[in-house]
Amino acid sequence: MSTDAAREKFKIYLSKKGHRVTNQRLAIFEAAFARTEHFTAEELLDYARDIDDSVSRATVYRTLPIMIESALVREVDIGKNLKYYLPNSDDNTQVAQVICVDCDRIFEVKAPFMEWYGSTVSSKLGLTPCSQRLQVNAQCDSFRKTGDCKNRPQKR
């Protein structure tokens, strides 16, 4: 889905749910869809304020669940009381997350088998799947051997 189509979907979803389409919500949308890497809510606040400095922390925290409900953004909970987000730009929610426990970097891998697996297992129990996720925690081989990891964020 293009960013323009996603923006239109967001506006329609807001209106359908009785929320106003505001400049702040649109700035949050634009900031989220400009990202190619996972981000936290606090990072999204900073990105959105670069677009519109009137965006408040409360608006970010109220808008993220709306974006998740509308399937525009995926939430990734890696534990440690930390959630990350990523735009759903290609309508493919069948992904597995591999999380590096050394640097908390999240890698997303397309996992088309998940739909089949979830449906097969659920149907045997007389159920219909409504969500599923596959998350693998892994250690960085390079970091373990050399103490350095190319995926580790550079210190600012």
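This is a predicted model: local features need pLDDT of at least 70, side-chain atom pairs count only at pLDDT 80 or more; totals for chains, interfaces and linings use all residues.
Helix α3, which covers residues 41-51, packs with α4 at an angle of about 115 degrees, and the axes of the two helices are 10 Å apart. On the α3 side the contact is made by Ala41, Glu42, Leu44, Leu45 and Arg49, and on the α4 side by Arg57, Val60, Tyr61 and Leu64. If we sort these residues of the α3 and α4 contact by class, six are nonpolar, three are charged and none is polar.

Helix α2 takes in residues 23-33 and helix α4 residues 57-69, and their axes come within 10 Å and cross at roughly 65 degrees. Angles of 65 to 115 degrees count as roughly perpendicular, and α2 and α4 are therefore roughly perpendicular to each other. This crossing of α2 and α4, too, is right-handed. Which residues make the contact between α2 and α4? From α2 they are Gln24, Arg25, Ile28, Phe29, Ala32 and Phe33, and from α4 they are Thr59, Val60, Thr63 and Met67. The residues of this contact of α2 with α4 divide into six nonpolar, three polar and one charged.

In α1 the residues involved are Thr3, Ala6, Arg7, Phe10, Lys11 and Leu14, and they meet Arg25, Leu26, Phe29, Glu30 and Phe33 in α2. By class, the contact of α1 with α2 has six nonpolar residues, one polar and four charged.

A search of the whole structure finds three aromatic pairs, and Phe29 and Phe33 form a stacked one, with 4.5 Å from centre to centre and 20 degrees between the planes.

Now to the strands. Strand β1, residues 73-77, and strand β2, residues 83-87, pair in the antiparallel sense over five bridges, and Val73 has Pro87 in β2 as its bridge partner. The hairpin of β1 and β2 has five residues between the strands, and in it Gly79 takes a positive phi near 80 degrees.

Strand β3, residues 95-100, and strand β4, residues 106-110, likewise pair in the antiparallel sense over five bridges. Where in β4 are the bridge partners of Val95 and Val98? Val95 is bridged to Lys110, while Val98 is bridged to Phe107. In this hairpin of β3 and β4, again with five residues between the strands, Asp104 takes a positive phi near 65 degrees.

These last two strands belong to an open sheet of three strands, in the order β4-β3-β5, in which the pairing is mixed. The edge strands are β4 and β5, the latter being residues 134-138, and each of them pairs on one side only. Neighbouring strands of this sheet are turned by 25 degrees against each other on average, with direction ignored.

To end with the whole chain, its secondary structure comes to six helices and five strands, and along the sequence these follow the pattern α-α-α-α-β-β-β-β-α-β-α. Taken along the principal axes, the C-alpha atoms of the protein chain fill a box of roughly 50 × 50 × 30 Å.

Terms used
Residues are numbered from 1 along each chain as its sequence is written. Side-chain values use heavy atoms; hydrogens and water are left out. Axes are lines fitted to C-alpha atoms, for helices over the stretch in contact, and angles run from 0 to 180 degrees between N-to-C directions. Helices (H or I, at least four residues) and strands (E, at least two) are DSSP runs, numbered from the N terminus. Angles under 35 degrees count as roughly parallel, over 145 as roughly antiparallel, 65 to 115 as roughly perpendicular and the rest as oblique. A crossing is left-handed if the near helix is turned anticlockwise from the far one by less than a right angle, and right-handed if clockwise. Contact means heavy atoms within 4.5 Å. Ala, Val, Leu, Ile, Met, Phe, Trp, Tyr, Cys and Pro count as nonpolar, Asp, Glu, Lys and Arg as charged, and the others, Gly among them, as polar. Two strands pair if DSSP finds at least two bridges between them. Rings of Phe, Tyr and Trp (its six-membered ring) pair if their centres lie within 6.5 Å; planes under 30 degrees apart count as stacked, over 60 as edge-to-face and the rest as tilted.
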